[in-house]
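Okay, thanks for making time, everyone. Let me put the structure up and then talk you through it.

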Amino acid sequence: MQVVNPATGAPIGAVDEMDPGDVEAVYERARAAQAAWADRPIGDRIEVVRRLRAAVVDRLDALAADLTAETGKPISQARNELNGLLPRLDFFCDHAAATLADETVLAEDGLREVIAHEPLGVVANISAWNYPYFVGSNVFVPALLAGNAVLYKPSELASLTGRNIADLVWSAGVPEDVFGLLIGGGEVGAALLRTGIDGVFFTGSHPTGQRIAVEVAPSLAVVQLELGGKDPVYVADDVDPVLAAESLADGAFYNTGQSCCSVERLYVHERVHDAFLEHFVHTVEHFVVGDPRDEATYIGPVTRPQQLAVLEAQVDDAVAKGATVRTGGHRLDRPGSWFAPTVIAGATNGMAVMRDESFGPIIGIASVAEDDEALALMNDTEYGLTAGVYSADEDRARSILRRVDAGSAYWNCCDRVSPRLPWSGRGHSGIGSTLSTSGITAFTRPKAWHLRSS
Ligand code: NAD
């Protein structure tokens with residue numbers, strides 16, 4: 001399988017793609033190896049993750065360079081992702097033992113009731129390319145800590161990084177059979193679903209997630225889906241429009257807009273709308289677009305070349321329905337897959353740019369007259385990943401956000417994920433959650449012990 005640099009369109013190497021017919025054998029080896037892994041003391045498994053962390057620190061620059069080469073992620077943002085991985089690993093190491101320990105919930109008259117957290121068994125980790133270290137580790141780290149074997153299928157657009165992740169995991173001390181690497185595209189993922197896996201943990205788009213849920217349903221395996229978003233933010237009339245515009249431009253365009261929690265829709269109170277829009281466009285026009293290997297670059301190429309047509313169609317649809325392109329709105333004329341950072345003003349929820357996930361450097365902005373109008377427009381979506389309110393008044397923001405149907409609520413911040421908080425989507429954004437201690441127990445099933453000593 002050729003690895004292509006999206007910044008140039010040139011091939012940069014090749015990786016061996018697995019034959020889908022070979023997936024079953026990897027599964028069988030994982031099944032055979034899982035029990036011994038689960039039998040190891042939890043302290044041993046935590047030690048393995050600590051060694052993995054040390055290896056990431058040692059190899060950080062080389063890992064970042066590979067990530068930039070194959071996805072076009074600007075190099076400073078690739079390093080940020082790797083540095084951001086470290087506190088996630090620390091969180092899991094710090095909380096795994098207590099979270100996975102048996103809980104005695106009753107002890108009286110010779111009777112004890114105990115909850116044990118047993119591993120699911122062999123789980124599939126089918127992953128996306130946009131934050132491969134984050135979305136991969138959210139699954140395989142707690143899954144391994146909980147005693148599961150993991151079959152890890154990185155995105156075909158991040159295969160070099162997938163290989164690097166497997167090397168890190170194996171060299172930290174996880175046996176190769178306990179962490180199986182499946183390099184390939186959708187067919188390899190589909191073959192994985194046909195094995196006897198006990199759970200599938202998927203990060204990717206809604207259409208693929210839905211297909212996976214249907215495919216796996218007859219087996220009754222656990223299914224957890226982290227899917228796309230159409231994340232809205234409301235800017236109230238009591239904010240400093242300059243500060244809000246700078247923060248939200250970053251939230252919309254960081255990682256070239258290719259984050260599940262990128263700000264995708266903005267509703268701005270009419271009293272601050274014009275000032276906000278002016279500063280927003282000014283900020284976006286000063287983003288450095290260029291070679292992702294340059295330290296100064298903020299906007300890189302679009303990783304999936306097919307997404308360029310989606311972005312173009314969203315611009316055309318918005319213009320046809322009366323919106324105005326304030327900056328950008330077109331591909332960039334250079335090799336590779338590039339789209340100019342784009343701001344669309346006068347957007348309405350009838351436009352594709354406000355309804356369908358864009359997953360690129362584009363944002364739609366609408367003016368609203370009051371909080372309730374903003375709330376109704378924010379909830380007018382099939383997705384439910386994150387939503388935010390920028391306001392000087394916490395009570396006002398929280399009263400809106402309490403009524404927003406989304407898994408994460410942001411007051412005066414956006415595009416943010418914390419290892420301490422559950423990460424979950426509603427509606428087309430998915431089911432189940434990763435991160436936090438519930439993102440550790442997600443990889444277990446309870447056993448209820450009824451123990452009578454007399
Ligand atoms: P995608 O759905 O195209 O692919 C995801 C993975 O599924 C890849 O590894 C792919 O090979 C595999 N796959 C494809 N067809 C399959 C099949 N039939 N059976 C099994 N596996 C199959 O998504 P993508 O382009 O890699 O990622 C971008 C999407 O991921 C966006 O929608 C983004 O919002 C979402 N995402 C969500 C989160 C979150 O936490 N909610 C995080 C990152 C990305």
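Predicted model: local features only at pLDDT ≥ 70, side-chain atom pairs only at ≥ 80, totals over all residues.

The largest nonpolar core has 110 residues. The residues with the most contacts inside that core are Phe 179, Leu 248, Phe 253, Leu 266, Phe 276 and Phe 280. And which helix gives this core its largest share? That's H4, residues 75–100, with 11 residues.

Let's click on Phe 280. Leaving out residues up to four places away in sequence, Phe 280 touches Ala 245, Leu 248, Ala 249, Ala 252 and Phe 253, and also Leu 266, Val 343, Ile 363 and Ile 365. There is also a second, separate core, with 28 residues, and that one includes Ala 374, Ala 387, Leu 401 and Ala 406.

On to the ligand. There are 31 residues around the ligand, and the ones that come nearest are Glu 156, Ser 205, Thr 208, Leu 227 and Glu 357. If you sort that shell by class, you get 14 nonpolar, 11 polar and six charged residues.

Now some polar atom pairs. Ser 127 puts a backbone N or O atom 2.8 Å from an oxygen atom of the ligand. With Trp 129 it's the side chain: one of its polar atoms is 2.9 Å from a ligand oxygen atom. Then there's Ala 190, where a backbone N or O atom sits 3.4 Å from a nitrogen atom of the ligand.

How much of the ligand does the protein cover? On its own the ligand has 860 Å² of accessible area, and the protein covers 90% of that. The elements giving two or more residues to the shell are helix H7 (186–193), strand E8 (199–203) and helix H8 (206–216).

As a reminder, most residues other than glycine have a negative phi. Asn 255 isn't a glycine, and its phi is positive, near 60°. You'll find Asn 255 in the loop between helix H9 (241–253) and strand E11 (265–269). Is Asn 255 buried or exposed? It's buried, because its relative accessibility is 3% and the cut-off for buried is under 20%.

Asp 415 also has a positive phi, near 50°. Asp 415 is in the loop between strand E17 (408–411) and strand E18 (423–424).

Let's move to a pair of serines. Ser 137 is in helix H5, residues 132–145. With a relative accessible area of 2%, Ser 137 counts as buried. Beyond its neighbours within four places in sequence, Ser 137 is in contact with Leu 85, Phe 92, Pro 132 and Pro 142.

Ser 436 is in a loop, the one between strand E21 (433–434) and helix H14 (438–441). Ser 436 counts as buried too, at 6% relative accessibility. Its side chain makes a polar contact with the side chain of Ser 438, at 2.9 Å. If you again skip neighbours within four places, Ser 436 contacts Phe 91, Phe 92, Pro 419, Arg 420, Leu 421 and Pro 422.

Two more stops. Leu 225 is in strand E9, residues 222–226, and it's buried, at 6% relative accessibility. Leu 225 and Ser 424 are 199 residues apart along the chain, yet their C-alpha atoms are separated by 8.8 Å. Contacts of Leu 225, with neighbours within four places left aside, are Phe 202, Gly 209, Ala 213, Ser 429, Gly 430 and Ile 431.

Last one is Arg 398, in helix H13, residues 394–401. Arg 398 is partly exposed, at 45% relative accessibility. Between Arg 398 and Trp 411 there are 7.6 Å, C-alpha to C-alpha, and they are 13 residues apart in sequence.

That's it from me.

Methods
Residues numbered from 1 in each chain as written. Heavy atoms only, no water. Core = buried A, V, L, I, M, F, W, Y, C linked by side-chain atoms within 4.5 Å. Buried < 20%, exposed > 50% of the residue type's maximum accessible area, 1.4 Å probe, protein only. Helix = DSSP H or I, 4+ residues; strand = E, 2+ residues; numbered from the N terminus. Contact = heavy atoms within 4.5 Å. Near = heavy atom within 4 Å. Polar contact = N/O pair within 3.5 Å; in protein donor to acceptor, adjacent residues only side chain to side chain. Areas by Shrake-Rupley, 256 points an atom, 1.4 Å probe, with all protein chains shown as cover. Nonpolar A, V, L, I, M, F, W, Y, C, P; charged D, E, K, R; others polar.
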